[in-house]
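Colleague: I would like to learn how features of a structure are read, one at a time. Could you take me through the one below, giving the general idea before each case?

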Amino acid sequence: MNRENEYRGKIKENQQGNELDWVYGDLVRELSTGRCFIMDLAKFDNGTKLVDVMIEIDPKTKGQYTGKNDKNGKKIYGGSIVKFKEWSKGEFCWIGEVVYDYGSMYVIRGNPNKECGNPFEIQLSRLDSERIEVMGNIHDDKEEINNVD
């Protein structure tokens, strides 16, 4: 799957002067410390210093864009919580977290819920976008993993 090299991350709590919770752009990781930054290169021009477009994020919240959007056009990232239609009924009943695994692909992993009684794992690339809906992310909306309409 070809995907854009776009990341998101939650702004580190101790940073001052940022109203946003999440930032989107290119990921930069400082190897010696493990600190992570998101750079919005769209704001970079000849007069801009690189440090002006770098925002430190909490490394646990970084997620790469999967190259897939949901039925509403919302981008799906690693760490997204999604629900999707079950094959046989065509109803939304499966809900899980998007994770990068097996060194090569994104999968949706979920636990049993009130509608579907078994844990599951399915490749994200096997699902049509029209069958998927982003409900949130594991950092802000962990309770959504058990809520199925």
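Modeller: Let us begin with accessibility, where buried means under 20% relative accessible area, exposed means over 50%, and partly exposed lies in between, using a 1.4 Å probe and protein chains only. This is a predicted model, in which local features need pLDDT of at least 70 and side-chain atom pairs count only at pLDDT 80 or more, while totals for chains, interfaces and linings use all residues. Residues are numbered from 1 along each chain as its sequence is written, and side-chain values use heavy atoms, with hydrogens and water left out.

Colleague: Is D101 buried, exposed or partly exposed?

Modeller: D101 counts as partly exposed, because its relative accessibility is 25%. Its salt-bridge partner is R109, with N and O 2.2 Å apart, and R109 is also partly exposed, at 32%.

Colleague: What makes a salt bridge, and how many does a search of the whole structure find?

Modeller: Side chains of opposite charge can pair when their charged atoms come close. The criterion is a side-chain nitrogen of Lys or Arg within 4 Å of a carboxyl oxygen of Asp or Glu, and the search of the whole structure finds eight such bridges. One of them joins R35 to E30, with the closest N and O atoms 3.9 Å apart; R35 has a relative accessible area of 35% and is partly exposed, as is E30 at 30%.

Colleague: Why does the salt bridge between K71 and E133 tie together parts that are apart in sequence?

Modeller: The N to O distance in that salt bridge is 3.9 Å. K71 lies in the loop between β5 (63–69) and β6 (75–77), whereas E133 is in strand β11, so the pair ties together parts that are 62 residues apart in sequence. Strands here are DSSP runs of E with at least two residues, and helices are runs of H or I with at least four, numbered from the N terminus.

Colleague: Which strands does β3 join through bridges?

Modeller: Two strands pair if DSSP finds at least two bridges between them. Strand β2 (residues 22–29) runs antiparallel to β3 and is joined to it by four bridges, with R29 partnered by C36. On the β4 side (residues 54–57), β3 again has four bridges in an antiparallel arrangement, and M39 has M54 as its bridge partner.
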